[in-house]
There are 2 protein chains.
Amino acid sequence: MSMSLDGFIAGPNDGPGNGLGDHGHRLHEWFADPAKADPVNRAVLAEAMTTGAVVVGRRTFDLAEQWGGDHHDGVPIVLLTRRTADEPAWDNVTYVDDVRAAMRTAKDAAGDKDVLVHGAVTAQLALAAGVLDEVQLHVVPVLLGQGRRLFDATSREHVELELLRARQGTDVLHLRYRVRSAAR
Amino acid sequence: MSMSLDGFIAGPNDGPGNGLGDHGHRLHEWFADPAKADPVNRAVLAEAMTTGAVVVGRRTFDLAEQWGGDHHDGVPIVLLTRRTADEPAWDNVTYVDDVRAAMRTAKDAAGDKDVLVHGAVTAQLALAAGVLDEVQLHVVPVLLGQGRRLFDATSREHVELELLRARQGTDVLHLRYRVRSAAR
């Protein structure tokens, strides 16, 4: 997830047609702006695109216009939603209503590849359930001051992490953490 | 300021006798725990101790038990407070009621040295007033889930930063940013 230094993953007023919120595009420039596509940023982006499955929440999925049914390379997409009776619009999309089941489904589908988790709520649910192995943040040097937080203090858990890697790209700092414990 | 990855500088229930809040000591281990005093952490701490003046808010000052009147080396301390009529308990402490005046007083007192700014509210006021030159964060690999945020979304300003330095110490990532613009 791309995050401002003050913890926002989207600007204020996010919604249909404004998926990243006001000024939220600022957080995605490191991969969306060709002028910032240095070797580090390209490598980190390429790495994300080698994942074998995607888990995503309904809200993020819809704001991203469902990625036209394909996040990358047609990999399976597991949608965390309460409305599992609905018919998915795409063949590679599965609806699951429990975060543990969603992660298990995605991990099985990904085989020996990693699973990409999208959306703040989904990430927090996975973390709280103890089924998130790593947290990868792309910290953009900006303070948005308002918007949607990645960590909105709903979980209230103390989670220990371990920094596995810090890489500096143009206009972004890529941090990769391993989840060591959920609560202590 | 030492901050958890989810943006907290103190745990919940901070107050007299519990200045860092519940579990907040976790954020200070990188300099308080001798086992974590590696060369990087020692150098970064030593750097903070070469500052020529301190600006601090009333709340932080009191929670820190006024540092016994001496933050380090007896440097001047400028206290941002509305109660300027009160008599400071220490000779090197000055009371100022405006953040611009407080920063100017401290910068004058520091000469060619840097000024250390303490406290989330004071830092945000200085940032909003355009008188903060740098933001230095010591990011601890932990999610506290609750507590006192450094960036609590009261300012609502869009501030561009530039990463000057990222250094990895034992159990902490030291980030130093230059403030490029207050709003755009």
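Contact here means heavy atoms within 4.5 Å. This is a predicted model, in which local features need pLDDT of at least 70 and side-chain atom pairs count only at pLDDT 80 or more, while totals for chains, interfaces and linings use all residues. Residues are numbered from 1 along each chain as its sequence is written, chains are lettered from A in the order in which they are written, and side-chain values use heavy atoms, with hydrogens and water left out.

**Stop 1: the interface**

Select the residues where the chains touch. Chain A gives 34 residues to the contact, and chain B gives 34 residues. Together the two chains bury about 3,000 Å², 58% of it on carbon and sulfur atoms. Buried area is the accessible area (1.4 Å probe) that two parts lose on being put together, summed over both. Now pick A:Leu5, A:Leu143 and A:Phe151. In chain A these three lose the most area to chain B, together 21% of what that side buries.

**Stop 2: the axis**

Superpose chain A on chain B. A rotation of 180 degrees does it, with 0.0 Å of shift along the axis and an RMSD of 0.0 Å (least squares on the C-alpha atoms of residues with pLDDT of at least 70 in both copies). The two copies are therefore related as by a two-fold rotation axis. Go to A:Gly7: in chain A its C-alpha is the nearest to the axis, 3.4 Å from it. Of the interface residues of chain A, 100% are also interface residues in chain B, so the copies meet through the same surface.

**Stop 3: polar links across the interface**

Eight residue pairs are in polar contact between chain A and chain B, both residues at pLDDT 80 or more. A polar contact is a pair of N or O atoms within 3.5 Å; within protein, one must be able to donate a hydrogen and the other to accept it, and residues adjacent in sequence count only if both atoms are side-chain atoms. Two salt bridges also cross this interface (a side-chain nitrogen of Lys or Arg within 4 Å of a carboxyl oxygen of Asp or Glu). One links A:Glu160 to B:Arg26, with the closest N and O atoms 2.8 Å apart.

**Stop 4: a salt bridge within chain A**

Over all chains, the whole structure holds 30 salt bridges. Select A:Asp171 and A:Lys36. Their side chains meet in a salt bridge at 2.8 Å, N to O. The two residues are 135 residues apart and link distant parts of the chain.

How values were computed. Helices (H or I, at least four residues) and strands (E, at least two) are DSSP runs, numbered from the N terminus.
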